[in-house]
Amino acid sequence: MTRFNLTPAMFEREEKLLCEAGSMRAWTFRYSTGVCGLRVENSRGYFTILPFQGQQIWRAAFDGHDLWMKTGIAEPVPNTSYLGTYGGFLLHCGLLAMGCPGPDDDHPQHGELPNMAYNNAALIIDEDEKGPYMAVTGTYEHNIAFVVHYSFAPTCRLYADASTLDVSFHAQNLRKSPMEYMFLSHINFRPYDGGRLIYSAKPDPEHITVHYKYPADMPEEKKRRHVAFLDAVSADPKVHHEFTGNEPLDPEMCLTIMYEADADGLAHTMQLLPDGYAHYVAHNVEKMPYVIRWLSRTGDEDSCGMCLPATAEHNGKAKAKADGQVKVLGGGECLDIAWTVGLLTPDCAEKMRAHIADMI
């Protein structure tokens, strides 16, 4: 194993090659905003990560397909405001709380993790049974005297011939007393007209809940059309499976979906694209039993958060706690969760479609 410990001083405005291993390369650079960026490439594409700001995966593209949402924020901004720098492909949300805070909450939107400064970061070059890979990791330590002390260490791994990313984290409660936690992986693909959602959950009202939330000042005609669409999806979730460009998803639609797992404990989600490729997420149902589906097509933003795997629903900590969804790490205990995101080729997408059909 080769490990490159990263420091902000290594990142300059001009892109520089950090290292090369076989068909893989890693480049350091800074955005015009000053935020450090690290791009890891293989023969099929790349991902760009913010090693010192939330370890957000800002961009990812494979086989000529850009995966990330359309957003008005082209470059990450060096702040901790969730919406003030919201344009990344994958954000870690939590860990003390997550979701949109309700009237009884005092936590920031989606918690402290999305933009927090990391204590350290590293690029790792190694090989395992799946082949050679490059991985980016780091550690964020959250310590408030008498209250909470935990470490959070995510990893994003790209194999030499892969078009998917293996994402994971290791967290530890560093106090002797128990710690409540919540986690959500905010994965923001872009929707495509003609794209179709295929996933391992039963598409019925028993397994899919529609959340009726919209701005209080929404114009009446817009609200009428939006609520009618929510009613239709609530009655028959299959209504929202295909993107046409005419969906009233401004500002958004949020669903909670309870997935089925296969023999490996994994659930699967695809947006099957018109060219046969598919955006893809696989997650562990036992460790992340809830999936939030967040769809937004405002004209300025265009996002297919088709699968945001989570430990709880997204309505803030107070509501999650009242519903018995907040989990607890005992003193000194650790938590490890892994999931996969990326792109499937047409052949792999067809095999996954058949696998999902067998599951449900």
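Reader: Which residue is the bridge partner of L90 in β13?

Author: Strands here are DSSP runs of E with at least two residues, helices are H or I runs of at least four, and both are numbered from the N terminus. Two strands pair if DSSP finds at least two bridges between them. In this case the bridge partner of L90 in β13 is I187. Strands β8 and β13 pair in the antiparallel sense, over six bridges. The model is predicted: local features need pLDDT of at least 70, side-chain atom pairs count only at pLDDT 80 or more, and totals for chains, interfaces and linings use all residues. Residues are numbered from 1 along each chain as its sequence is written, and side-chain values use heavy atoms, with hydrogens and water left out.

Reader: Is strand β8 buried or exposed?

Author: Buried means under 20% relative accessible area, exposed means over 50%, and partly exposed lies in between (1.4 Å probe, protein chains only). In β8 (residues 90–95), six of the six residues are buried, so the strand is largely enclosed by the rest of the structure.

Reader: What is V341 in contact with, apart from its neighbours within four places in sequence?

Author: Contact means heavy atoms within 4.5 Å. V341 has a place in strand β22 (residues 334–344) and counts as buried, because its relative accessibility is 0%. Its contacts, with those neighbours left aside, include L90, I187 and F89.

Reader: Which residues touch the most other members of the largest nonpolar core?

Author: In soluble globular proteins, nonpolar side chains tend to be buried together. A nonpolar core is a set of buried Ala, Val, Leu, Ile, Met, Phe, Trp, Tyr and Cys residues joined through side-chain atoms within 4.5 Å. The largest one has 95 residues, and V40, F47, F89, L165 and W339 touch the most other members. A second, separate core of ten residues includes A278, A282, M352 and I356.

Reader: How many salt bridges does the structure hold?

Author: A salt bridge is a side-chain nitrogen of Lys or Arg within 4 Å of a carboxyl oxygen of Asp or Glu. The structure holds 18 of them. One joins the side chains of E41 and R25 (3.4 Å, N to O). E41 lies in strand β4 (residues 36–41) and R25 in strand β3 (residues 24–30), so the pair ties together parts that are 16 residues apart in sequence. E41 is buried, at 16% relative accessible area, whereas R25 is partly exposed, at 31%.

Reader: Where do D302 and R190 lie?

Author: Their side chains meet in a salt bridge (3.9 Å, N to O). D302 lies in strand β20 (residues 302–310) and R190 in the loop between β13 and β14 (196–199), so this pair ties together parts that are 112 residues apart in sequence. Salt bridges that share partners join R190, D193, E247, R297 and D302 into one network. D302 is buried, with a relative accessible area of 10%, and R190 counts as partly exposed, at 30% relative accessibility.
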